[in-house]
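Please look over the sequence and the structure before reading on. A short report on them is given below.

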Amino acid sequence: MLSKSLAFDAGWPSNDDIQALAQVQLRINQTLAEISGTPLFAEHYPLGSDLSLMLRSWLQRTEDQLQICSCVMLGNLARSDEVCQAMVQDLNIHRDLISIVKSDAKGAVLYAALGFLKNLAIAGDNRLHLGRAGIIPAVSQLWEYETVPQVQFAATSIVRQVIIASVENVSHLLENFPGDEDHRTYLSQLLLLFEKTDSTPIRTEIGRIIASICRTLIPKSREQDEEADAILKRLFGIHSGIAFPLGAMISQTQWPVVRSEGWFALALMASSQPGSGTALECLEKMDLFPTLEQSLSAESLGSADEANKLQLIKDRDNIIVLIQEILKQDTQPKIRYEAC
């Protein structure tokens with residue numbers, strides 16, 4: 001029904017009829033999405049069935065509704081690591097999705113493809129395959145997609161997913177952005193997006209990307225991993241203001257868990273020699289010392305309920321580690337001891 005309906009609007013004189021047909025196609029797609037989301041669907045139409053083969057072929061079509069339908073229904077099939085790995089490592093479905101992301105497809109198609117890719121990136125070592133297929137250069141084109149904020153956010157969020165525990169993909173993120181005369185990296189473009197956007201979710205997601213990079217590189221650097229150590233030095237050597245997204249996570253008041261993640265990541269950053277000065281710069285330039293003092297004060301614990309108290313205790317522990325690491329690195333003797 002969906003496929004055949006695409007031929008109906010050819011030469012129709014009435015705009016009302018065309019709009020009505022578009023609404024019908026949308027409802028068909030919504031119904032198919034709901035059906036494919038049920039457990040019985042995967043039992044009757046597993047990967048390799050005629051239906052899934054047809055849906056795979058739709059990824060290479062140019063019709064919006066078919067591409068969206070394929071992304072949603074195949075995405076609903078990708079509910080186990082086994083299926084997700086087969087889709088990527090055996091069927092190369094991710095390459096078709098990356099082609100869609102790089103195309104001039106409409107926002108709804110891009111959003112569906114990005115959602116499917118993010119789902120695939122969760123399983124096993126799929127993120128390595130996505131990185132080698134060029135997922136970061138592909139989504140970087142959408143970081144300025146301001147007309148559809150959901151697409152811009154999804155293109156940012158998928159970066160965090162593919163770099164988790166992957167030194168190789170972090171290195172892809174630090175490759176030079178093509179055509180940039182200043183030889184800035186893909187990460188530099190994300191930091192520029194952080195400065196320009198007023199979207200709190202996007203700013204937070206960029207902060208979480210920085211946190212994920214620190215989690216991946218710094219422990220390996222401590223283990224004398226030469227590759228991770230070299231990438232870590234490049235990370236702090238050419239990216240000014242890299243800690244500012246972490247500072248934004250700390251200064252926001254909407255999500256206490258995000259604030260705690262920011263303190264943890266900043267403490268982790270400070271534990272590395274090249275990152276200690278950057279962490280201190282973040283505290284000073286973003287005026288985080290009052291927030292630090294408040295988090296360490298006894299009054300903050302006394303006025304909190306039990307759940308928030310546990311969160312604040314975690315924050316205090318991370319802040320103490322942060323201060324210790326900055327002082328240990330002896331980054332700047334004039335650090336404000338009164339704040340500690």
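## The model and its confidence

This is a predicted model. The pLDDT of the chain averages 90, and 92% of the residues score at least 70. Over residues 333–340 the pLDDT is below 50. That stretch still has 12 contacts in the model beyond near neighbours in sequence.

## The chain as a whole

The chain has 21 helices and zero strands. Along the principal axes, its C-alpha atoms fill a box of roughly 75 × 45 × 40 Å.

Of the 340 residues in the chain, 48% are buried. The chain exposes about 16,800 Å², and carbon and sulfur atoms supply 51% of that area. Among contacts with a separation of 6 or more, 66% are between residues 24 or more positions apart.

## Helix 7

Helix 7 covers residues 93–102 and is mostly covered, with seven of its 10 residues buried. These buried residues are I93, H94, D96, L97, I98, I100 and V101.

What do the buried residues of helix 7 pack against? Their partners are helix 4 (50–58), helix 5, helix 6 (81–90), helix 8, helix 9 (126–132) and helix 10 (135–140).

## The largest pocket

The largest pocket holds about 270 Å³ of space. It is lined by 14 residues, and those closest to its centre are A22, Q25, D64, Q65 and K106.

Which helices each supply at least two residues of the lining? They are helix 2 (15–36), helix 5 (64–77) and helix 8 (107–121). Helix 2 gives the most, with five residues. By type, the lining residues divide into eight nonpolar, two polar and four charged. Helix 5 and helix 8, which both supply lining residues, are also among the helices that the buried residues of helix 7 pack against.

I319 is found in helix 21, which runs over residues 306–329. Is I319 buried or exposed? Its relative accessible area is 0%, so I319 counts as buried.

Leaving aside neighbours within four places in sequence, I319 is in contact with W263, L292, S295 and L296. One of these, W263, is 56 residues from I319 along the chain, yet the C-alpha atoms of the two are separated by 6.4 Å. Two others, S295 and L296, belong to helix 19, which covers residues 289–296.

## Two loop residues with positive phi

N92 is found in the loop between helix 6 and helix 7. Its phi is near 55°, a positive value in a residue other than glycine. How exposed is N92? N92 counts as partly exposed because its relative accessibility is 36%, which lies between the limits of 20% for buried and 50% for exposed.

D287 also has a phi near 55°, again a positive value in a residue other than glycine. D287 lies in the loop between helix 18 (273–285) and helix 19 (289–296).

Conventions. Residues numbered from 1 in each chain as written. Predicted model: local features only at pLDDT ≥ 70, side-chain atom pairs only at ≥ 80, totals over all residues. Heavy atoms only, no water. 1 Å grid on protein atoms, 1.4 Å probe; cavity = no way out; pocket = protein on both sides within 12 Å on 5 of 7 lines; lining within 4 Å. Points joined across faces, edges and corners; volume = space filled by probe spheres on them. Helix = DSSP H or I, 4+ residues; strand = E, 2+ residues; numbered from the N terminus. Nonpolar A, V, L, I, M, F, W, Y, C, P; charged D, E, K, R; others polar. Buried < 20%, exposed > 50% of the residue type's maximum accessible area, 1.4 Å probe, protein only. Contact = heavy atoms within 4.5 Å. pLDDT = per-residue confidence, 0-100. Areas by Shrake-Rupley, 256 points an atom, 1.4 Å probe, with all protein chains shown as cover.
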